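Let's take a walk through this structure together, from the overall fold down to single side chains. Keep the view open as you read.

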Amino acid sequence: QVQLVESGGGLVQPGGSLRLSCAASGSICKVLTMRWYRQAPGKQREWFATITSGGNTNYADYVKGRFTISRGNAKNTMYLQMNSLNAEDSADYYCNAGVESVAGVGSYWGQGTQVTVSS
């Protein structure tokens, strides 16, 4: 069994910053590529950042220069540093990871963490 747990969401003022975390646990052999998605009310879930097991990153244009994705030394944890937040960044944020476990390779999702940008 593999679990992903996000944390770090909350209420922040426009222009502020937040740091999200995503921790993978369970019967893990290796955590592969990890991604961040978000879903605003009434909208579809959308991808915006990827980090591979080797540390290569990719971003959607609308977060480039504001958000930074990284992984912890143990490689089972992913972080998202979000700066210059605005109201359009308000959403539920989800992490996704490809995981090689004792059961094989699968794609797993966290339960989400809410980010609200408001004054």
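Follow the protein chain along its sequence and you will read the pattern β-β-β-β-β-β-β-β-β-β-β. That makes zero helices and eleven strands, where helices (H or I, at least four residues) and strands (E, at least two) are DSSP runs, numbered from the N terminus. What you have on screen is a predicted model, in which local features need pLDDT of at least 70 and side-chain atom pairs count only at pLDDT 80 or more, while totals for chains, interfaces and linings use all residues. Residues are numbered from 1 along each chain as its sequence is written, and side-chain values use heavy atoms, with hydrogens and water left out.

Let's begin with the overall shape. The C-alpha atoms of the protein chain fill a box of roughly 45 × 25 × 20 Å, taken along the principal axes. For 119 residues, a compact globule would have a radius of gyration near 14 Å, and the 14 Å of the protein chain agrees with that. This radius is taken over C-alpha atoms, and the globule rule is 2.2 Å times the number of residues to the power 0.38. Of the 119 residues, 43% count as buried; buried means under 20% relative accessible area, exposed over 50%, and partly exposed in between (1.4 Å probe, protein chains only). Among contacts between residues at least 6 apart in sequence, 53% join residues at least 24 apart, a contact being heavy atoms within 4.5 Å.

Now look inside. A nonpolar core is a set of buried Ala, Val, Leu, Ile, Met, Phe, Trp, Tyr and Cys residues joined through side-chain atoms within 4.5 Å. The largest one here has 30 residues, of which Trp36, Phe48, Leu80, Met82 and Tyr93 touch the most other members. At least two residues of this core come from each of β1 (2–7), β3 (18–26), β4, β5, β7, β8 (77–82), β9 (91–101) and β11 (113–117). Strand β9 gives the largest share, five residues. To see one of these members up close, pick Met82: leaving aside residues up to four places away in sequence, Met82 touches Gly16, Ser17, Leu18, Leu20, Arg66, Phe67, Tyr93 and Val115.

Next come the cysteines. Which of them form a disulfide? Cys22 and Cys95 do, with their sulfur atoms 2.1 Å apart; the rule asks for a pair of cysteine sulfur atoms within 2.5 Å, and the count comes to one disulfide. Cys22 lies in strand β3 and Cys95 in strand β9, so the pair ties together parts that are 73 residues apart in sequence. The torsion about the S-S bond is about 65°, so this disulfide is right-handed. Both ends are buried: Cys22 has a relative accessible area of 0%, and Cys95 is at 0% too. Cys29, in contrast, is in no disulfide, and the nearest cysteine sulfur, that of Cys22, is 18 Å away. Cys29 counts as exposed, at 51% relative accessibility.

Rings of Phe, Tyr and Trp (its six-membered ring) pair if their centres lie within 6.5 Å; planes under 30 degrees apart count as stacked, over 60 as edge-to-face and the rest as tilted. The count comes to three aromatic pairs. One of them is the tilted pair of Tyr37 and Trp109, 4.8 Å centre to centre with 55° between the planes. Tyr37 belongs to strand β4 (residues 28–39) and Trp109 to strand β10 (residues 104–109), so this pair ties together parts 72 residues apart in sequence. Tyr37 counts as buried at 19% relative accessibility, whereas Trp109 is partly exposed at 39%.

Another pair joins Phe48 and Phe67, with centres 5.8 Å apart and planes at 75°, so it is edge-to-face. Phe48 sits in strand β5 (residues 46–51) and Phe67 in strand β7 (residues 67–71), 19 residues apart. Phe48 is buried at 0% relative accessibility, and Phe67 is buried at 2%. The charged end of Arg38 sits over the ring of Phe48, 5.8 Å from its centre, and that of Arg45 sits over the ring of Trp109, 4.8 Å from its centre. Here NZ of Lys or CZ of Arg must be within 6 Å of the ring centre and within 35 degrees of the ring normal.
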